[in-house]
Amino acid sequence: MSDATKDCALGQEQSGNQVTSVPEPTVTVANAGASRHVAGRWSTLSVNGLNKTSQDAEEMSVVTVGTTSKLQYGRRLWVPAGSKRQSWLAIQIPESAETSMSNGSQVPEMYTELTTMQLKETGDGEEFKSNAVGMPKGKRRLLLSSEAYRTGTLISPRKNSLQAEYDAGVIMRTLYEISDSQRAGAQDLGMVDLNRGFIPPTPRPLDALDQLVIANDAVLDDTVGVRRIRSWLNRGGRLWVMVDQISASSARKLLGDAMCYSVVDDVELNDYEICVRAQHSSAKDEFTEMSFDNSVSMRRVIVDGGEIVCEVDGWPAAFWKSVGQGEILFTTLNARGWLTEAKISPPLQSLAGRFFVTKLEPPQYGEAVSEVLDGEIGYRIPSRRLVASVLFLQAILVVFGGGWLLWKKQLQRLAVLVPISSVVAMGILVSVGKQNTAQVPSTIATGQIVRTTPDSATAGVTSVSAIYSQEQRPLPLSSNGDGTTELLGENQGRSERIVWNDAGGADWYFVDQPPGVVQHVNSEAVVEIEQPWNAIGRFTPEGFEVSVKGLNAGICEDAFIGGFGTVDLSLVKAEENENVFRGNGLLADGRFISSTVLSERQQMRQGFLQELSGRGVDFFTREPSLITWAKPLDIGVRFGEGYEHVGWSLVSMPLRFEKTKQGTAFRVPATFVRQGPLLTDSGSQFFNPSTGEWLDELVKPGQVGVRCVVPQSVMPCDLSVATIELDIKAPGRTVSLKGFSDGEFRTLKQWESPLGVVEYSIDAPGFLSLDEAGGLRLLIDVSESDEVENSGDETNDAKVKRDEVVRNLWGIETLNVSLEGVSK
């Protein structure tokens, strides 16, 4: 769908031979869908045109949001003669908000100012058209929501029937029961009904929502609407798909290649038990008995690739699927079947706690990318060979000149030769630098962060373009409907205008590119790709290898496997197949390229990745991903003609793992061996499994219990070797490595005063047995320091003396465990 257009013959009123005057075409702006907006997010307004004349008209409506913004949002609307038409206008709500006390309320209302204008073009430029009250501008307030989250629904049936209306009512009552249990007295403005399945074709019409519930097929027949849902989902939204209410074909339209279930049949249930699966290795499954006089429907499905969290009689009742930065909750049990005596059941409460939360805003990389691009545009650094040649010639001149002066017995003149030669060399380099700068052509350098989802033909792209021109020129910036653009900087203090078109794209007006200045444009988009980009990993007797599908591996450079809280693994292309990468050794902390000598481009990449690995950036995820450098994607942003284009993209592709065949040997690098606490109460108090970091500068002795999880793709298996690399500093202490055998931990190896990396390989079968959840159990025991041990016997006086001793500190830097074995 595009615009919702309604044509109706309005004509002209006639009385005898007189014709009443017909008012000029008008355009008004109003809320669309949600009556409240969210600060800092995009929202959608409706633009309504009315043309009672006998001539077609094209009207321009322009708005500004907030009291200080110089950014205008415009919509050029064509309205046929004798018609009225409705269209849409995307705006971004400012982060700051005004407050006022509403009548009869003790809670202040949050709002932002909306200024509306209707313009017409003349030979002298634009002029204001008076509005309905004869004023050139109109002002109103847009009310803002202070709720912790906002939920939208696509539930209303396309065709009314008693059964459809009843089902929709049951679903809404269930949702409100959940909402009431979650909000705990906070502001409740109700859920946003998305107008019987219509989603405006603006770039981010769902940005104000944190969750979306789909329980009918209507919107899934709208191609543009499906793309907007996918885009919102990739950016961190949470989607609830009620599988029992929509067809499998409609779900496939939404998920594409990421479709993760197949339908078996539909059943009716009266008495059943909902099993909530344990989410942690130390937890247990929980069961809730349900009983109904009127049977409850359930659609039985087989799940492939989803995280099953609830079951009924062994069939999935609820499961999750991650897509980009967001998640999808699928439920197969009818909404009524989750309630006990019309109240929310414990299983539904557990689902609601994960679903009804504030949407996490996607990470912002614009500033980091801009800094890198600034080093690539506007200057051409003289080559190392040129600089070395100039300095070499200067040195030759000084050496031979000094020798000649020595032969002439005028060595004192060397004090003149050296500074003169240095000034000449410096002059040459400065001249070359200025010449390079003056010769830089008008250039646009683009850097992108690209995130993909397995089996999904979409990619989330954060793009920054650095624009350089030697002369002043207009910048005809435009974008399509798949994303939004933001001009960074003040544009010399002038107002800018974004004018949206029928396809959801935008053209920018009143934007100039100043001479000799680098200007940045930030873009966010979710784009369709020809086929899903998948990285499929497998463990072989030689180690790890990954096949790349969809993305042309021939353009990939400096690839590695990275994740949050694990050691990274460098990759090298297989000689026999360029679409296959093989593990090429672990990377040291802070390094992302295995080359010993880095080129200037690799140094840039290394520094950029170091910045992305910092706290709060959230580029690396907990699950391992293939990360590689490639060419930038076309996201539909245009800058006009006359520029050279250069750029790069940093692609992150989550790994999928291929099951290791039975009886096949394998080697698992430490990158894929996740570490955590033991299943017993003696878990580590020195290790944080969520960050992969260890505590350091410890004083007292301690035991570090670690559980090393074997990847599921090789399970079940028999381990033959476990290689431990422990980077520890424990001067004056004894460090013992213990393995679990015959129901207890036993010492395998001891080190005295270790400083740095120590290694040990466990090959005794008794110490390589796994626990019930597939984990290898290890214990690292660090003794008391020698200073305390030598301070005296355990008498009362000795205890005081021991407490006063200054102990050597100890700490663990890293623990890497790699595994070898055979899959069973």
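Student: What percentage of the 824 residues in the protein is buried?

Tutor: This is a predicted model, in which local features need pLDDT of at least 70, side-chain atom pairs count only at pLDDT 80 or more, and totals for chains, interfaces and linings use all residues. Residues are numbered from 1 along each chain as its sequence is written, and side-chain values use heavy atoms, with hydrogens and water left out. Buried means under 20% relative accessible area, exposed over 50%, and partly exposed in between (1.4 Å probe, protein chains only). Of the 824 residues, the buried share is 50%.

Student: How many helices and strands are there?

Tutor: Both are DSSP runs numbered from the N terminus: helices are H or I with at least four residues, strands are E with at least two. The count is 10 helices and 50 strands.

Student: Among contacts between residues at least 6 apart in sequence, what percentage joins residues at least 24 apart?

Tutor: A contact means heavy atoms within 4.5 Å. Among contacts between residues at least 6 apart, the share that joins residues at least 24 apart is 71%.

Student: What is the accessible surface of the protein?

Tutor: Areas come from the Shrake-Rupley method with a 1.4 Å probe; for residues, only the protein chains shown count as cover. Carbon and sulfur atoms hold 50% of the surface. The total comes to about 39,800 Å².

Student: Which residues form the negative surface patch?

Tutor: Patches are made of residues with over 30% relative accessible area and no salt bridge; like charges are joined within 9 Å, nonpolar side chains (Val, Leu, Ile, Met, Phe, Trp, Tyr) within 5 Å. Asp and Glu count as negative, Lys and Arg as positive, and His and the chain ends are not counted. A charge is placed at NZ of Lys, CZ of Arg, CG of Asp or CD of Glu. The negative patch is made of Asp 271, Glu 273, Glu 289, Asp 293 and Asp 313.

Student: Why does Glu 289 count as exposed?

Tutor: Glu 289 lies in strand S18. Strands S17 (261–276) and S18 (286–303) each supply at least two residues of the negative patch. Glu 289 counts as exposed because its relative accessibility is 67%.

Student: What is the phi of Asp 313?

Tutor: Asp 313 sits in the loop between strand S19 (307–312) and strand S20 (315–323). Asp 313 is exposed, at 57% relative accessible area. Its phi is positive, in a residue other than glycine, and lies near 55 degrees.

Student: Which residues make the nonpolar surface patch of about 550 Å²?

Tutor: Ile 396, one of its members, lies in helix H6 (residues 384–407). Ile 396 counts as partly exposed, at 32% relative accessibility. The patch is made by Phe 392, Leu 393, Ile 396, Val 399 and Phe 400.

Student: How far apart are the closest N and O atoms of Arg 41 and Asp 210?

Tutor: A salt bridge is a side-chain nitrogen of Lys or Arg within 4 Å of a carboxyl oxygen of Asp or Glu, and the structure holds 37. The pair Arg 41 and Asp 210 links loops 169 residues apart. Arg 41 is buried at 7% relative accessible area, and Asp 210 is buried at 3%. Their closest N and O atoms are 2.9 Å apart.

Student: Which parts does the salt bridge of Glu 528 and Arg 227 tie together?

Tutor: This bridge spans 3.7 Å, N to O. Its ends are 301 residues apart in sequence, so it ties together strand S32 (residues 519–528), where Glu 528 lies, and helix H2 (residues 223–234), which holds Arg 227.

Student: Which residues does Ser 713 touch, not counting those up to four places away in sequence?

Tutor: Ser 713 is in the loop between strand S44 (702–709) and strand S45 (717–729). Ser 713 counts as buried, at 9% relative accessibility. With that sequence limit, Ser 713 touches Phe 539, Phe 657, Glu 658, Lys 659 and Thr 660.

Student: Which peptide bond is cis, with omega near -10 degrees?

Tutor: Pro 716 is found in the loop between S44 and S45. The cis bond runs from Met 715 to Pro 716.
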